[in-house]
Amino acid sequence: MTGPAGGKVRGHFGFVTGVGHDYGCQPSTWADAPWLQARVKARQNPWDWLLELDADLTSLEPGTYTTDVHVRARYNERCLPAVLIVETPMGVASPETNTGVGRPPGLRLSGPNPSSGPFELVYESNGSAGAVRCAICDAAGREAALIEDVPAQSGGLRTITWDGRGSDGKPVMPGVYLVRIAADGEIVIRGVVVVR
């Protein structure tokens, strides 16, 4: 799930319970993290369920968070991983980089997310001749690829594409990645999910 800092986000996931003793049993569910609420709703068939996850991002800083969601039927229990990407809201600078000069760069992703192909990134630099650096980081914050490093650029819109490869030229492993753009003394982060 992906959402802006200070907001809320909801995810929906379908699943089925086993046959036999668990057939038609209303599952119970809970999450290990205080910012995530989980509940189960019945769908058309007695073995078919919908897991709803509601994340409250009001107390979370931009970044990637993981937790476990437990789903228990009568005799079976599943532990499902949940990944939450908290993004910097458009027009709001990251606190540690807020210099008060203008507004932070805008950033949007074009195309599907998750994606198995290239990501198109469109950003706006607001400075008159500021440096722009765009990097792809893994979920732990380690830099996986540098896709833009311009020492001086006039303000305005610019489009760049990440081909899904790391700094070594090889395709990155599937998973959650962060697009990090630094421009005009500000930083904006967006989450992307790579699938293969």
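Guide: A term to start: contact means heavy atoms within 4.5 Å. This is a predicted model, where local features need pLDDT of at least 70, side-chain atom pairs count only at pLDDT 80 or more, and totals for chains, interfaces and linings use all residues. Residues are numbered from 1 along each chain as its sequence is written, and side-chain values use heavy atoms, with hydrogens and water left out.

Visitor: Which residues does Val-69 touch, not counting residues up to four places away in sequence?
Guide: Neighbours up to four places away in sequence are set aside. What remains includes Thr-29, Trp-30 and Ala-31, and also Arg-78, Cys-79, Leu-80 and Ala-82.

Visitor: How many residues has the largest nonpolar core?
Guide: A nonpolar core is a set of buried Ala, Val, Leu, Ile, Met, Phe, Trp, Tyr and Cys residues joined through side-chain atoms within 4.5 Å. Buried means under 20% relative accessible area, exposed over 50%, partly exposed in between (1.4 Å probe, protein chains only). Val-69 is among the residues with the most contacts inside this core, as are Trp-35 and Leu-84. The core's count is 18 residues.

Visitor: Which strand gives the largest share of this core?
Guide: Strands (E, at least two residues) and helices (H or I, at least four) are DSSP runs, numbered from the N terminus. β4 (36-42), β5 (48-56), β6 (63-72) and β7 (77-87) each supply at least two residues. The largest share, four residues, comes from β5.

Visitor: Which residue forms a salt bridge with Asp-54 at 2.6 Å?
Guide: A salt bridge is a side-chain nitrogen of Lys or Arg within 4 Å of a carboxyl oxygen of Asp or Glu. Asp-54 sits in strand β5, and its partner is 44 residues apart, in strand β2 (residues 8-16). Asp-54 counts as buried at 18% relative accessibility. The partner is Arg-10.

Visitor: Is Glu-52 buried or exposed?
Guide: Glu-52 meets Lys-41 in a salt bridge of 3.6 Å, N to O. Lys-41 is in strand β4 and Glu-52 in strand β5, so the pair ties together parts eleven residues apart in sequence. Lys-41 is partly exposed at 40%. Because its relative accessibility is 4%, Glu-52 counts as buried.

Visitor: How many salt bridges does the structure hold?
Guide: Arg-10, Arg-39, Lys-41, Glu-52 and Asp-54 are linked in a network of salt bridges. The structure's total is seven.
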